[in-house]
Amino acid sequence: MAPRISTLILSLVFLLSIFVAVSSETDEYDDPTVKTMEAFSGYQIHEPSVQGSFSPLSVDTETLQEQIDELSTFSDAPAPSVTRVLYSEKDVQARRYIKNIMGLSGLSVREDAVGNIFGRWVGSEPELAPVSTGSHIDAIPYSGKYDGVVGVLGAIEAINVLKRSGFKPKRSVEVIMFTSEEPTRFGISCLGSRLIAGSEELAEALKKTVDGHNVSFSDAAKLAGYPNEDLSSVFLKKGSYSAFVELHIEQGPILEEEGISIGVVTAIAAPASIKVEFEGNGGHAGAVLMPKRNDAGLAAAELALAVEKHVLESGSIDTVGTVGILELHPGAINSIPSKSHLEIDTRDIDEKRRNLVIEKTHQSAISISKARDVKLSEFKIVNQDPPALSEDSIVKATELACQELNLSYKKMISRAYHDSLFMARISPMSMIFIPCYKGYSHKPEEYAAPQDMANGVSVLALTLAKLSLS
Ligand SMILES: [Zn+2]
């Protein structure tokens, strides 16, 4: 069903381009090369570097929106919610849909052992490291249809835009659909891009990883059509790409509030997560007097406040810390908590500063346990990823693209992290943000306006074009 609709749309686009080609024959340009290119591409070829000139970059927003809507139907939750979990039946169907669209756009498609999907537009110098772009299409339960998706379907459309304009890349241009950016099924975020970046640790851990229903990662992968268990085959060497640029909805309110079209990301904050457990003796809420208590719940409460204090001590607005989980055992009103469990998330764009928060939090946990005579039975740093800075040359290329397209932009920090954080380990990286309604994300109300998507795709197309010639 889905492929048939796409074929139909593509045929329509083709017919339309013939129509445009025929109707543009009266063009005043006499240069035969330009004429040929125009007739071939269906668009007027102008140098886009002249301020305010007509831009040859025309985004087929309607088709892009149709594809986004169509992709959102591969969901385990009723519309407008989207639930698409790694290697589920719907995920497999959605993957097929993406591969099909890549194929229709003339990209050569390959997949690796975990299902990262690559669609390459071969450049005139294919031996050079390609320029890459991409994002993810998995969706956490009951979320929306734009997160990640805009950066995959939008990237394919960016290539279509360049093809229609007659542009010929020197470096190949590659669109990547990353496997499992969301941690929903196996508790690991950015699974595909971490592996691409060469995480041996993760390749090893995945051999023993199971989901909430005790299905192993390798069984789930096999079932989805990925039987190759050699996960090191996914690793890509540093230098495999000359650049990586990800288009994404902002997932925050700044661009919309300030009426700015494009966010040029200069750094991605990186999270660290910590699990803490305190154990005390518990007891009856009436019978045990205050001096005799060692209350694990109060230790947790004190630590939560300590996290806030250490974060604020950094003096930077970019340092944040959250105690998102705080559980007490046995959880009864008339029982002193005998156990407490906290999960702490702290982020920064400065790794040293963030790690200092972790160190101070650890010291506080130790001193609180001593003062309250509870046992600090666990203090585990679950992950501690380094933040990433965008590459100057890519930021400049994107800024230039915005100027040439007459679009307002601002430099900003990505406070959520993305596959780009891991791509930064093997490639120069940057990101392009577009506004989204009220900054909503990870819920059904998530929305990006067609014009904003069109702006993002144009800027991405022009950025890729510049990078492919450099
Ligand atoms: Zn995302």
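Select Ser-273 and look across to strand β11: the residue opposite is Asp-345. Strands here are DSSP runs of E with at least two residues, helices are runs of H or I with at least four, and both are numbered from the N terminus. What you have open is a predicted model, in which local features need pLDDT of at least 70, side-chain atom pairs count only at pLDDT 80 or more, and totals for chains, interfaces and linings use all residues. Numbering starts from 1 along each chain as its sequence is written.

Next, select residues 270–279 and 339–348. These are β9 and β11, paired in the antiparallel sense over 10 bridges; two strands pair if DSSP finds at least two bridges between them.

A contact means C-beta atoms, placed from the backbone, within 7 Å.

Move to residues 392–404, helix α12. Its 13 residues, at 1.5 Å a residue, should span 18 Å, and its end C-alpha atoms are 18 Å apart, which agrees. The expected span is 1.5 Å times one less than the number of residues. Buried residues of α12 include Ile-394, Val-395 and Cys-402. A residue is buried if 20 or more other C-beta atoms, placed from the backbone, lie within 10 Å of its own, exposed if 12 or fewer, and partly exposed in between. The buried residues of α12 pack against β7 (243–249), β8 (262–268), β14 (409–414), β15 (429–434) and α14 (450–469). Just after the helix, Asn-406 has a positive phi of about 55°.

Then select Gln-67, in helix α3 (61–71). Gln-67 is buried, with 24 other C-beta atoms within 10 Å. Beyond its neighbours within four places in sequence, Gln-67 contacts Ile-101 and Leu-153. Show Gly-154 as well: it is 87 residues from Gln-67 in sequence but 9.8 Å away, C-alpha to C-alpha.

Finally, zoom out to the chain, with its 14 helices and 15 strands. Of its 470 residues, 46% count as buried.

Definitions and conventions:
Two residues are in contact if their C-beta atoms, placed from the backbone, lie within 7 Å.
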